Each structure stands twice: as C-alpha cells, then as structure tokens.
Amino acid sequence: MGVQGGKLDYFNKQSEEGSQPELTKATITGVQMIGMGDRVCVDLCSLMRPGEGLLGPIHACVAVPGGKICYLSELKTGREILVVNQNGIQRTAVVGRVKIETDH
C-alpha cells in the first residue's frame, strides 16, 4: 500500500460503505525486534464483528472514508474510520476514544 498525496492508493477506487477493496494475501517472512514503542487504543462507538479490523499499519495510520488516511495520533472522538472484514467488505465506524500509552 503506498501513500500518495495523503491517500492510500489502495482506496482510490473504492471507499464507500459496503464496497469491496481488493485484498491480497501476504506472508510474513521475518520478524525483527526494534524495541518498545507507543501503543494506541482506538475504542469505537460500535462493536466490531468477528473478522473485522482497521486497515493501515497500526504503528502509523488508519484508513478513513474518502480514500484518505489519518495518523493514529491525530484521531479524535467522532471521527469516522473504515472497518474491513476478511472478505474485503468495508463499513464506517465512529471513534469513541483514542488512548496513547507510552512504555518507559
């Protein structure tokens, strides 16, 4: 997934509720320990269903409606974000709370 002009190339064509972006399988080929980092907890105003999640690297950004991204540190209560299931069907959800925790 590339970021281009504040948009995810992945979402340029399909960003409406119920649409199906093309998902591809990936294989993790290695893991490297780089130290501790901050954690971001995003509480939604609705429950996620089994198999649903947020798209975008969890350490950096999340997909939002309109084919855009939002850095996790910029999320605020009331912001709509995209939730996608394992079949690629997406819907919007509203952020209820964002909590950033730092390990020392």
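Guide: Here is a short tour that starts with the whole and ends at the core.

This is a predicted model, so a word on its limits: local features need pLDDT of at least 70, side-chain atom pairs count only at pLDDT 80 or more, and totals for chains, interfaces and linings use all residues. Residues are numbered from 1 along each chain as its sequence is written, and side-chain values use heavy atoms, with hydrogens and water left out.

The protein has zero helices and eight strands. Both are DSSP runs, numbered from the N terminus: helices are H or I with at least four residues, strands are E with at least two. Of the 104 residues, 27% are buried. Buried means under 20% relative accessible area, exposed means over 50%, and partly exposed lies in between, with a 1.4 Å probe and protein chains only.

Now the sheet. Four strands form an open sheet in the order S3-S8-S7-S4, with antiparallel pairing. Its edge strands are S3 (39–44) and S4 (53–54), and each pairs on one side only. Two strands pair if DSSP finds at least two bridges between them. S3 and S8 (residues 90–101) pair over six bridges. Val42 has its bridge partner in S8: Val98.

The largest nonpolar core has 11 residues, including Val42, Leu44, Cys70, Leu75 and Val95. Such a core is a set of buried Ala, Val, Leu, Ile, Met, Phe, Trp, Tyr and Cys residues joined through side-chain atoms within 4.5 Å. In soluble globular proteins, nonpolar side chains tend to be buried together.

Stop at Cys70. Cys70 touches Cys61, Val62, Val64, Leu75 and Arg79, leaving aside residues up to four places away in sequence. A contact here means heavy atoms within 4.5 Å. Among those neighbours, Val62, Val64 and Leu75 belong to the core too.

What about a bond to Cys61? The closest cysteine sulfur to that of Cys70 is in Cys61, 8.9 Å away, which is too far for a bond. A disulfide is a pair of cysteine sulfur atoms within 2.5 Å. The structure holds zero disulfides. Cys41 sits in another setting: it is partly exposed, because its relative accessibility is 32%.
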